[in-house]
Amino acid sequence: MSRLLENDSLALLGEGGLPVPRFEVCTGAEEAARALERLGGRVVIKALVPVGKRGKAGAVKFAASVNEARVHADAILGMEVRRFPVKKLIVMEALDIAREIFCSISFDAPRKCPLILFSAEGGVDVEELAEHHSDKLLEWPVNILEGLKVEDAIELARRAGLTGDLAEQAARAVRAMYGVFCAHDCEMIEVNPLAELADGRVVAAAGVVQLDAQALFRHPELEAKLGVEGGNGWRPFTELEMRMREIDAIDPHVGAIRFSELDGDIGFMVTGGGYGLSSLEALLDEGGRPATTFDITPGRYEEKMRRAVKAVLSKPGIKGLLLAGNVSNFTRVDIKVAGVVHALKEAGLDFEKFPVIIRYAGPGVEEARRLIAEVPGVEWCEDEASIEDLAKRIVARSYGSDES
Amino acid sequence: MSILLDSTTRVLVQGATGAEARRLLPTMTDYGTSVVAGVSPGKGGESVDGVPVYGTVAEALKEHEVDLSVLFVPARFVREAALEAIEAGVPTVHILAEGVPHHDACALLTRAAEMGTFVIGPNSQGMVSPGRAKLGGTGGEVPDLMFLPGPVGVVSRSGGMGAEICLFLTREGIGQSTYVALGGDLLIGSAFVEMLALFERDPETRVVVMFGEPGTDREEEAARFIASGGFTKPVVAMIPGEFWETSPTPASVSHTGALIERGRGAPSGKKELLREAGALVAERFSQVVPLVRQALGLD
C-alpha cells in the first residue's frame, strides 16, 4: 500500500500551500501532554494508523488539559483500529470549526482524467455522501494537460454552494491540493474536513495522501516514508508476509512478489492477475480455503521461488499446495519449477499424503515435467487442465475426499 | 479479415534497439507482421533484425507510411514516447509496458483523445490476428500452439486469461479473428466498446469473447453498447471476482484497475447488465468454450 500516514500527508499538503493545523507525533501519554502545552492547551488526539474511520472507532479525542491528554493518549495507544494496533498518536491543535467541507482528488477510469469530488457539507465519509447526499457531491473532471485554473476552481466552489470569501479560499485550497496531486504523483488525496474556522480561515483539519506505487521511482523521498506500517492496506503484515517481503528483497530486479496470507489451509500460489483471480474464485466455489495468494512478475527467479514455496509450506495447518499459472509466452517455466522442486525436496514431506498440484504451460515445459518427476508423489498437470480442474483436484486431495 | 492488425498493417516499433524489442521483433516479423521501421532516440541509422532504425518518430514518418506504433519502451519513458507518436500523427499507438505511472497514462490518453489517436494499453500484453500478424509477447516463440485463424474475436483486460482462452479455443479447433489484450491498468485507452464496434464491422468475426475484471465501468459500458444495438453478434463474457463483494480479502492482485470503489465496478452488476443485454455469461472458465460453441451453432 502506498498510503502516507496523516502526519506525512499533512506535511505534504502544507508544503503545497494548503493551510494545515500545527501537530506533533507522539508515542506516549507524557509526550502527548507536553505536546498539548506546546500546541496551545486545546488539542485533538488521534491514532496515527494507516486506515480511516478512526472517529467511529473511538480513536479521536479532544483534550483541554494535560490530564485529559494523558488519559486519552493512554486509552488510544491501547486500542486497535480496524486491525491496526495504535503505536503512535498525532496531536493536533484544536480548531474552532464553523463549517466542514469535503474534497478529494483521484483518477476516474471512465473519463480517464483526474476527478475532484467536492461537497460543501463534509465531515461524513465519502461513501455516505455518495449514497445519501449524492446531490450535494459535486464531480469535477480536470483536463490533466490544462490543469485546474483559478477561475475553474472558483466556479467549482460556487457551484457547490459556497459564496464570497469562503468560495475563494476553498478554491485556493482545492488548487493547492491539485498541485500536490500532480507534483507528487498521487493516486488519491482526501481532505475531510476542509474546515472553515470561526475566524474565517480555511484549513485542512484532516488529510490523507495515497501515492502511485508505479511512480515511486520519481519520489524516493516519499517511498522512504511508506515503510511497512501500512501493511497490506487491510491489516498489518503478518510474520509470513514479512518473511515473503525479505525473500522478495533478495533481488529487487527479478520477479517482484505480491503475497497475502489468508486464514485458510490450502497454499495457493497461482500467478497472473486475471488467472489468479479466476482460480481463487474457483477454489472458493469448490469449498477450498486459501491460505495464501501469491503472484510474481516474469523473470529468472528460481531462488525466489524456492524460498517462497518453503515459506508457504511452513505455515501451520497447511494441508496442500496448488502451484499454477496461465500459459506463459516467453518466461521459461522450468526455471520456476526448478525452484519449486528444490523447495519440495528440502521440505522432505510425503507428497502422497501432502498434495502438491502443479500446472504450468509454456516454454520449457518438457524440462519442467522431468524435474517434477524427481519428486515422488507431486502431481503434474498438463496445460489442458483448466482452472476448475485444478481447484477441484486440490480441494479433493487436501480435504481427504479423493476417490481416484 | 481481422481488426486493427493484419499482414498489411505498417508497424513502427518504438524502443526498437532495447532488449525486449530485439527479442520479440523477430517473432513478430516471422509471424507475418509488417514492421517497416524502428525508433530509438540517439540510435538513428542502426538496424534491428533488418528493420531500419530512426532517432525520432518524425524522421521515421518521413521515410515510411505507418498505421500503428507499438511501444517497447520501459514504463518510465512511455509518456514521452507515446506523446511523440501521437503528435506525429500515428493513427494507432499500442503500449505494452506494465507499471506506467497513472499521471503519465492520463496525460498521454488525454492528448490521444484530442488528436483522435486510437490507443491500446498501457499494460497490454499484445495483439494477435492469427495467421497474419502479432504484436508484443503474446504467443511466445510458438504462437500456433495458442492461436488459430477463425471466427472468434477475443478481448481481455488480462493478458494471461486472454491467452488462456485462446489456448482452449485453439485446442478445440475454434479459431480467432483477432485477440486484443486491453491492459489491466486503471487508465487504458480503448476498451471493450471500441473493440466491439470494430468486431461488428469485421465480417470474419461471428462471436466475441470478453474477459473482464472487477473495477472500472468498462464492462458496464460494453453492456450498454450491446443493449443499444451497437453490437449485434453473440457475446460470451466472463468476469471473475464476485466473491470480493461479500467477503473482501486482501488478495494481492497485480492489476491496478481491479478495485471496487464506492460500490462501482462490482462483478455481479457487470454480469447482470451483460445478461440483460443478451450476452452469454460464463460463471466459470470451463463454460467459456461450450458457450462459444453454442454461439457458433456448433452443438
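**View 1. The seven-stranded sheet β9 to β14 of chain B.** In this predicted model, seven strands of chain B form an open sheet with mixed pairing, in the order β9-β8-β11-β10-β12-β13-β14. Helices (H or I, at least four residues) and strands (E, at least two) are DSSP runs numbered from the N terminus, and two strands pair if DSSP finds at least two bridges between them. The edges are taken by β9 (133-136) and β14 (280-281) of chain B, each with a single partner strand, so one side of each has no neighbour in the sheet. Residues are numbered from 1 along each chain as its sequence is written, and chains are lettered from A and ligands numbered from 1 in the order in which they are written. Because the model is predicted, local features need pLDDT of at least 70 and side-chain atom pairs count only at pLDDT 80 or more, while totals for chains, interfaces and linings use all residues.

**View 2. Strand pairs within the sheet of View 1.** Strands of a sheet pair through backbone hydrogen bonds, either parallel or antiparallel. Strand β10 (residues 149-156) of chain B runs parallel to strand β11 (residues 176-181) of chain B, and five bridges join them. Opposite B:V155 stands B:V180 in β11(B). Strand β8 (residues 126-129) of chain B is antiparallel to β9(B), with four bridges between them. B:M127 has B:L135 in β9(B) as its bridge partner. A hairpin is formed by β8(B) and β9(B), with three residues between the strands. In the turn, B:G131 has a positive phi of about 80°.

View 3. Another open sheet of chain B has seven strands in mixed pairing, ordered β3-β4-β2-β1-β5-β6-β7. Here β3 (47-48) and β7 of chain B are the edge strands; each has a single partner strand, so one side of each is left without a neighbour in the sheet. Two bridges pair β3(B) with strand β4 (residues 51-54) of chain B in the antiparallel sense. B:S47 is bridged to B:P52 in β4(B). Helix α3 (residues 78-88) of chain B packs on this sheet and touches β1 (10-14), β5 (68-71) and β6 (92-95) of chain B. The direction of the helix makes about 165° with that of β6(B); axes are lines fitted to C-alpha atoms, for helices over the stretch in contact, and angles run from 0 to 180 degrees between N-to-C directions.

**View 4. The two domains of chain B.** Chain B is assigned domain 1 (1-124) and domain 2 (146-299), with bounds from an automatic or database domain assignment. Their C-alpha centres lie 26 Å apart. In contact are 18 residues of domain 1 of chain B and 18 residues of domain 2 of chain B, where contact requires C-beta atoms, placed from the backbone, within 7 Å. On the domain 1 side, α4 and β7 (118-120) of chain B give two or more residues each. The largest share of that side, five residues, belongs to α4(B). By class, that side has 13 nonpolar, five polar and no charged residues. Ala, Val, Leu, Ile, Met, Phe, Trp, Tyr, Cys and Pro count as nonpolar, Asp, Glu, Lys and Arg as charged, and the others, Gly among them, as polar.

**View 5. The side of chain B that touches chain A.** Chain B contacts chain A through 49 residues, which meet 49 residues of chain A. At least two residues of the chain B side come from each of α4 (102-115) and α5 (159-171) of chain B. With seven residues, α4(B) gives the most to this side. Its residues comprise 20 nonpolar, 19 polar and 10 charged.

**View 6. Helices α11 and α12 of chain A.** The axes of helix α11 (residues 333-347) and helix α12 (residues 365-372) of chain A come within 8 Å and cross at roughly 15°. The two helices are therefore roughly parallel (angles under 35 degrees; over 145 is roughly antiparallel, 65 to 115 roughly perpendicular and the rest oblique). A:V333, A:D334, A:V337, A:A338 and A:V341 of α11(A) meet A:V365, A:E367, A:A368, A:L371 and A:I372 of α12(A). Eight of the contact residues are nonpolar, none polar and two charged.

Key
Contact = placed C-beta atoms within 7 Å.
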